[in-house]
Amino acid sequence: MFPGILALVPALPFLAFVVIGLVTRPWRWLSAGVAIAAISVAFLLSLGALSFLLTAGAETPRVVELTWLTTSTLNAHIGLRLDALSGIMLVVVTTVALMVQIYSLGYMSEEPSLSRYYAYLSLFCASMLGLVLATNFLQLYVCWELVGVCSYLLIGFWYDRHAPAFAAKKAFVTTRFGDLGFLIGLIMICTAAGSFDFVEIQAKVAAGTWTAGWLGTVAVLLFCGAAGKSAQVPLHVWLPDAMEGPTPVSALIHAATMVAAGVYMVARLFFLFSASPDAMQVVAVIGGVTAIFAALIALVQDDIKRVLAYSTISQLGYMMLALGVGGMAAGMFHLFTHAFFKALLFLGAGSVIHATHTNNMWEMGGLRKKMPWTFWTFVAGSLALAGVAPFAGFFSKDAILHLVMGKNLFLFALAVLGSLCTAFYMTRVICVTFLGEARAASGHAHESPWVMRVPLVILAVLSVVAGFWHAGFERLVQGGEAEAEGLNLGFAAVTQMVPLAGILAGVMLYVLKSPDPDALAVRFAPLYTLLKRRFYVDELYDWIIDRIVLRCSAGLAWFDRHVVDGAVNGVAWLTQQTGTQLRYVQTGRVQHYALAVFGGAAILLAIAHVAGAF
Amino acid sequence: MAAVSFTVIGLVLAALAGFFGYQAATATPFWLTDVMVLPLAGGLIIMALQDKYARMTKWIAAAFSLPAMLMCIGLALAFRIDGAGGYQFAEHASWTPALGISYSLAVDGIGTAMFLLTGVIIFAGCLASWSVEHRVREFYALLLLLTSGVFGVFAARDLFLFFLFYEVAVLPMYLLIGIWGTGPKEYSAMKLTLYLLLGSAFMLVGFLALYFASGVTPLTFDMDTMLKTAYSPGFQKLFFPFLFLGFGILAGFWPLHTWSPDGHASAPTAVSMLHAGVLMKLGAFGIIRVAVELLPIGAHAWLPYFAVFTIVNITYGALVAMSQTDLKYVIAYSSVSHMGIVVLGICTLTDAGLNGAVFQMFSHGIMTGLFFALVGFTYGRTHTRIIADFGGLGKRMPVLATFFTIGGLASLGLPGLSGFVAEFMVFLGAWRFNPVLAVIAAAGIVFTAAYVLRVLQRCFWGPLNPHFADITDANRVEILCLTILAACLILFGMYPRPLVSLINSGVVGVLARVGGGG
Amino acid sequence: MMDVRSFAVIATVVFGIGVYGALARRHAIAVIIAIELMLNAAVLNFVSFSRLAAPGSAVSGQVFAVFIITVAAAEAIVALALVLALHRALKTARLDRFNMLKW
């Protein structure tokens, strides 16, 4: 009966959404309280679920289901599936969500539509938890889209400004484009299997029902959805723009949980992906390319949130890379640690933005003294992100690098280079934002209130210690079958050089100014512009949309109005013209009519005669 | 005045209660006839009102359409899904036996779902017309008359009766658009009516062919008899297109759809709601009930070709909607696109496809009703429908913006709202039928997302156009109307099982006759 | 007894003259006269064929003839009245001038 009570985990936030929407809307602090209470209970239940798994074992998934719709040939369920993956994700999601919701009390304190904010957040949590607990493809897809729409609503939370309104649309449509692949892959596999259920389909895959080639097609299609949601190249364009949303939302949705759903999906469907080496190769390459691609762009961004956004894309690339080379546990572990330190970094950035009212790093500077809590927690998060031992990111990233090295040296080179960039751009952020002298916006900056500091500290602690669960995590996820791979100290010592080199380079450029970064930008102007313009991907898409889709649309609209409808109006015109011409037969002279009558009679007689009537 | 209104409405309701009570007590329930006659009776009473009581019109209309809606809900609840399903609530009376015409009504799961849809839409439509001032009595009377026709079509088990009700449902549109419309209303009304009459002509040819070829003596229009008749394959292949296209015109089948954008754009709010919400479904219903079910061999022969056209419907409708400047045209073209999904579902002749098609009929009916109501309410405040003129309305009209968002999300097939369930089932069916078509159709949903969100962004989001600084949000009647519609979308989106089971009980019968694959 | 064919030929000739008059003459009165000729041709046929079909007994053809003569008289009155009225209004009785109902 244990999984039954787990229904409360997604149900409570959903109830909070309903209650806020229908009842407590006018009282914004009450709404916030409702949402936080709901997520707190969900958090405790999730902890309970995880500890249950740790004690009772997670080898076989525990499933409860309810029929969602049924026809003669279709049978779709909604349900709860508790196993290692979902147990871990539950804890990640509820922890970050709880932290973010508490933090928002401070960050959004002057927002009049706080009720709406917390309603959307609660709906997001419910959908995300439903996604995590999904027992079948259909539920996964349903929740997948629901988190997407929550992301849409939250990015566009300040809908009365142009940029968020546009960014929200872009995010939704881009991910929707990826979801098209998901939908088709889902229809393919479920039609072939006659079921939506993970367990049944897994059994069929294991039994070798389908060829690897076919499974590869399905897997790649499904991966389109994952790539859209996890902002993998080439569908990454929406995530940086999504930073128009409130910063806590970026922390929750666009750093820790929703964007990781793609990774979670690939891990959840690992039985499918791992059945096709080609699909795995696609995942690995896309992941590796994304990791370096986004890291390079992050080097030159001026907006603190955008640096973090590109960093998120890059880290998601690492996770995909890990999954692609077969390291499901490694990828998931990076997801696990990344959730904490990236949420921390976003919340830290939020704290800075709250204090300075700008996103531009170059207007900040010298905040270390004014915001010590934010500074130190941010540094902890950055070190974790850069992968410096013994912070959390070190363990997870090291495991990935080690795996990749054994599989594909080219991707390994990309990953190492990405790691170098990561350390560099985070050093850059810290130097520009917190060190040096105060610039325009830093003047009146002050430390954030305690409701914002507490989540920072908690997440900072998690960012430091989460890595030590490395071995236990792998055992849990691998189901005890594979011996957890220990930390390879020699390898780690070598890879440690990479982030340290990155940090050193960052310090030289942005603290010691030798060489001067501006001079470098001038010297390598083409490269700098290429990065600054984000490899022109957005421009390419805008061009495609403007020149191809919209022109097609306008062309078809013209076609519809003038050709299709023109034909209709043409028929009407023809009828009218015929009438206009034929009316001249009506001469008004009675003898013409009489002639017609007699003539007609004569012709009829003639016909009858010829036909032999008489 | 109000006191008089309430007295009259109370009397009407009491009389209705007595009438139904009598029927129930004497165990002679004619539920279908009752539901059908209710709006008609309301319309007649409204026409009989003296001028000085004209202001009570809308209350009387509501007093008759509310019980109609409740009875439809009751009908859906009373419909027994378990066991055979099949046709229930049957009524039969001889009418013109010499010509084989009878008054026979019955509904299966599909018909019941459509009754439910019609009941909801007519009540919401009455509420949405609360602000009509010009010739109120005639407006409501025609609206209610039309509704009776719609109910009749969904229940008719006799082709003659079917045709009769069909025309009753279609013809009042001419007056409703021509008199109460906006823009080039005479042109639109004329175009719509002539186009639909063209469809009727095709249908009539098909009906008469079915009648004369049924081979029983005396000849009969009875559909149950026709169901048992094995029409020759040549006959079926010859006459299937007549029936399909005749109904297809009303279902917005490409390229015979252009009456719909003009008609819907010119029509007054409630008429757009009823037309796009319910009348277009008559077309799809007719395709299932008459064309496919009575001519299964013809269906198998022709539907693969027609399916290609439905794909054009879906993608082309969405693309054209994307570059419309008038809000109503956007929604009209989105209807063309969504009705393409319905007809595609029918064309697949699979269990999932047909279920999805009927579910989409329901879902799209509600959704488009919601949309047209919203556009009407917005137009009533801004006096413009040009998208570029709006901007930031969400700031001043949060309630309308919220409902618009719900409708928009349902329209782009967001899971959790009913549109998804329908589209998903249709795509499943389409995949079994022809994967290429399924992929193209599914691609249409990306375009749908693009244009729906574009409209949302341009109209309700962004900085408020200072022109509309003093605009007001929805009033209580409007909120009631919108809530009913949105609740249906959410309810059946979150938990589609009851509705799907209801529809499936009808689809099973269709498939048993057509012999489609699983 | 005369051959019915002679009557048929006479009736045809009279009818033909009537048709010619009705179509070709311009004056309204002349056209009315021509129409009377056609009616009379019909009457002649009725009577002669009645005689051929049932010699001696049946009178149905004759009954038709009487009806036609009666109706023709009534019709002539109406027609003449119309012509008079038109002549008063238009100062002419030529049919080609009466084209007010053209398209």
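Modeller: B:Thr96 has B:Ile101, a residue of S2(B), as its bridge partner. This pairing belongs to a predicted model, in which strand S1 of chain B covers residues 88-96 and strand S2 of chain B covers residues 101-107. The two strands run antiparallel to each other and are joined by six bridges. Together, S1(B) and S2(B) make a hairpin, with four residues lying between the strands. One residue of the turn, B:Gly100, has a positive phi of about 70°.

Where chain B meets chain A, 44 residues of chain B and 40 residues of chain A take part. Several helices of chain B each give at least two residues to the side that touches chain A, among them H13 (296-322), H15 (351-382) and H21 (497-514). The largest share of that side, ten residues, is supplied by H19(B). By class, the side of chain B that touches chain A consists of 27 nonpolar, twelve polar and five charged residues.

Chain C also touches chain A, with eleven residues from chain C in contact with eleven from chain A. On the side of chain C, eight of these residues are nonpolar, one is polar and two are charged.

Finally, a word on confidence. The predictor assigns the complex an ipTM of 0.88 and a pTM of 0.88. For chain C the average pLDDT is 87, and 98% of the residues score at least 70.

Notes
Residues are numbered from 1 along each chain as its sequence is written. Chains are lettered from A and ligands numbered from 1 in the order in which they are written. This is a predicted model: local features need pLDDT of at least 70, side-chain atom pairs count only at pLDDT 80 or more; totals for chains, interfaces and linings use all residues. pLDDT is the predictor's confidence in each residue, from 0 to 100. Two residues are in contact if their C-beta atoms, placed from the backbone, lie within 7 Å. Ala, Val, Leu, Ile, Met, Phe, Trp, Tyr, Cys and Pro count as nonpolar, Asp, Glu, Lys and Arg as charged, and the others, Gly among them, as polar. Two strands pair if DSSP finds at least two bridges between them.
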